[in-house]
Amino acid sequence: MIQNNIDDEFLFNLYKENIISSTTDLNGTITSVSKAYEKISGYTKEELIGQNHNMVRHPDMPSYIFEELWNTIQSGNIWKGEIKNLKKDGTHYWVYATISPYKNNNGSIIGYASVREDITDKKDIIELNKKITDMLNYIKEGYLIVDKNMKVSKNYSNKCLEILNTDTLYNKDISELLFKNDKNLKEEFDTAFKYIKKANKKQQNLYISLLPTKHELNKYVITLNYTIMIDGNILILITDITNEEKLAQKVLHEQKMQKMIITIAKNKKEIIDIGKTFEGFLLKVETNKTINNKFMQYIKMELHRFKGLFAQLEMLYVTDAIDTEESHIKELEQTNNSEVEYYLIILCSNLRMAFNRDLKMISDILGKNFISSNQIEVNLDKLNSIENNLLTILQSDENSKNTIRECIKDIRKLKGKTIYNELYIFSKTIQILSKKLEKPMFPFELIGDKEALLDYRHKKIMSYLVHIFRNSMAHGIEPLEVREERSKSHQGKISCIFKIKNKNLLILISDDGNGLDFEKISKIAIEKNLIKIGDTINLSKLIFMEDFTTYNKATNIAGRGIGLSAIADEIRKLNGKIRVINRPKKGLSFFISLPYMPIEYKTESFTKHICDAIILNSQQYLTEDINLNLISTSNIEKLSFKDESVVLKFDGKIEFFCYISFSIELLNAIFEFTTKDIIDQLDNKDISDIRSNLLQESANTIIGLSIKDFPKELGQLTMGIPCKIDHRILENFCLKNEFSSFIIKTNRGDLNCTIIDI
């Protein structure tokens, strides 16, 4: 007989420490618990005994379970089942409980005893599996498994069939399914997958990170999440985020719209001025008849300039539209002139539509009269000063000219036409790009005479300077981590100093960024055959060459290689100079010198002075040269467009359009008079040629006679070729710009002329 050396007390203690057990009276009040019960519940014996057993009941447990339990044990039977209980700390545990009644010697039930098995881990795994299954079968979720050959296994969800638009996925190539319409992404995916197949586990995780994680497919926007499984296959979770993406885009659009409205509300004058100039540019493109490389380069430079100006004002549609058209023009340069001419018509239509879309949004929010109003807020002290000057004129004529000149200066200062105001606009450019590029900046430092008037010849150049500031922010000012490595301040700095010296305007624009990388510039110049190895050349001049850029990809901020070229061209037109001062890794400066002579003549009446000159010479031409009788001449406020009309563009210190319109009857009279002595010698072709050129020739004659009487203060003017134009375009343009107009009536028809300030 083998002796049992284990005593009962040891077994009892072992039982209490490892078996989850308890007893209750007939009402469920706890009368005893094991140490294992204390451990799993988090309560001490003292806290449990005397309390009802439902103190550990979890709210997730349905009440019918306990009704069934009590009915069973009160009937003298044993109940078994799974119960989720609540711990003292608020967490839960699962047990498989066996509850039985215990009786006294008489066979009466006097309480209940329960023994439990901890099944928490098992239940949590089951619950986790259920959650994963539910998640993967959710309406937005898809999952599939692919092998190392990129073939889909039999394991995939129904959502994948919907997203990938197919009846079955089994054994199909995942790359073809996901990226069949995107050659570049498919190539990236295939290359990464090829390396994943050969790599070890550590390398696989690296290559997994190179796989595309977001993609547009069919009508869906999806995210892709990849997990390498134990067997080497790859689980791909496909999440439909189409609605979230639409919402995000809508929120982003709303934010951009709010930014635009706030910016426009603060800069009403700028949007009105830029809008006028932009319409003038579109009109010039539409009326131009000579398409050559020089004109196409002009279009590219102007588009780039306007994109910078509109972006500075946070304009939504027109900025994106210009960016799109810039790319189209690049592609179009290899096509023939007829295609280019057709495209330019579409370009102007698209840009005008986008600009008007922005204007409508502004008008809808800020009011219909916001853009059209010419009201300007002025300083009361300045107005008092102007009033005193005018009183001086009334009292004495001795210094009237000088006093009037001072009045005009003051008025122009009130209207913001100072060099300081034109340059200070770029503080907004820096603020906007600072946020967009996440590059903190010190406030823009502008130093110069705040009273110095703007030379009107410089107005276009001033707007082109936006490219210097955008390049400084995009490519000059370094990211934070680079500035830290170079022991620079976290905040970048851009400054501008200007002064007038010896009839020249001197401007110095500086940043404390990267400076120019001459090694990189030289390498790119050699690749583009701009220079040869060993050439001695000032490399800084290369950045002003057309289409030269050190960046592989253009953005809507910079990188097309147009901006600096455009600035240099405009400066050269005025016999000015531009050069760079490079400090590698410390910063870059642009030094600009321009001839300076501000016009003090240009006021709102300049269009009337030009009209007066044309009236005088038109009357003389029609009465003395064509022998017609003059009936009346009058200024008109409402535009009057006759049967035949042309537009001439004038460039110089100021820019304006001259619109001349002839009635058919008047043109017939001019034809009869000019051909009366030779009509018998002309054949039908000769007559047709004369008539087809008569409109332009007559307009040229009148303007040619009138130019000598234009105000001398306008200086040298360049006249464009007379072009025919759609009346509707001109009417729309006149609504946004100042104009003067007159009509001359004769016994043989009418002549109308309109001068439009642009």
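**Salt bridges: definition and basis**

A salt bridge is taken here as a side-chain nitrogen of Lys or Arg within 4 Å of a carboxyl oxygen of Asp or Glu. The structure is a predicted model, in which local features need pLDDT of at least 70 and side-chain atom pairs count only at pLDDT 80 or more, while totals for chains, interfaces and linings use all residues. Residues are numbered from 1 along each chain as its sequence is written, and side-chain values use heavy atoms, with hydrogens and water left out.

**Overall composition**

The protein has 758 residues, of which 44% count as buried; buried means under 20% relative accessible area, exposed over 50%, and partly exposed in between, with a 1.4 Å probe and protein chains only. Its accessible surface comes to about 41700 Å², and carbon and sulfur atoms contribute 51% of that area. These areas come from the Shrake-Rupley method with a 1.4 Å probe, and for residues only the protein chains shown count as cover.

The secondary structure comprises 28 helices and 21 strands. Helices (H or I, at least four residues) and strands (E, at least two) are DSSP runs, numbered from the N terminus. Among contacts with a separation of 6 or more, 63% are between residues 24 or more positions apart, where contact means heavy atoms within 4.5 Å.

**The five-stranded sheet**

Five strands, in the order β2-β1-β5-β4-β3, make up an open sheet with antiparallel pairing; two strands pair if DSSP finds at least two bridges between them. Strands β2 (30-33) and β3 stand at the edges with a single partner strand each, so one side of each has no neighbour in the sheet. From one strand to the next, the twist averages 30 degrees. Axes are lines fitted to C-alpha atoms, for helices over the stretch in contact, and angles run from 0 to 180 degrees between N-to-C directions.

Eight bridges join β3 to strand β4 (residues 92-103) in the antiparallel sense. Val95 in β4 is the bridge partner of Ile83. Helix α4 (residues 63-74) lies across β3, β4 and β5 (109-118), and runs at about 135 degrees to β3.

Side chains of opposite charge can pair when their charged atoms come close. Lys123 and Glu82 form a salt bridge in which the closest N and O atoms are 3.1 Å apart. This pair links distant parts of the chain, since Lys123 belongs to helix α5 (residues 120-136) and Glu82 to strand β3 (residues 79-86), 41 residues apart. Lys123 is buried at 17% relative accessibility, whereas Glu82 is partly exposed at 35%.

**Salt bridges within helices**

In the structure there are 21 salt bridges. One of them pairs Lys159 with Glu162, with 3.2 Å between the closest N and O atoms. Both residues lie in helix α6 (residues 158-164), three residues apart, which means that about one helical turn separates them. Lys159 is buried, with a relative accessible area of 9%, and Glu162 is partly exposed at 42%.

Asp190 forms a salt bridge with Lys186, the closest N and O atoms lying 3.1 Å apart. Helix α8 (residues 183-198) contains both, four residues apart, about one turn of the helix. Asp190 is partly exposed at 24% relative accessible area, and Lys186 is partly exposed at 22%. Elsewhere, salt bridges that share partners join Glu478, Arg483, Arg486, Lys488 and Asp512 into one network.
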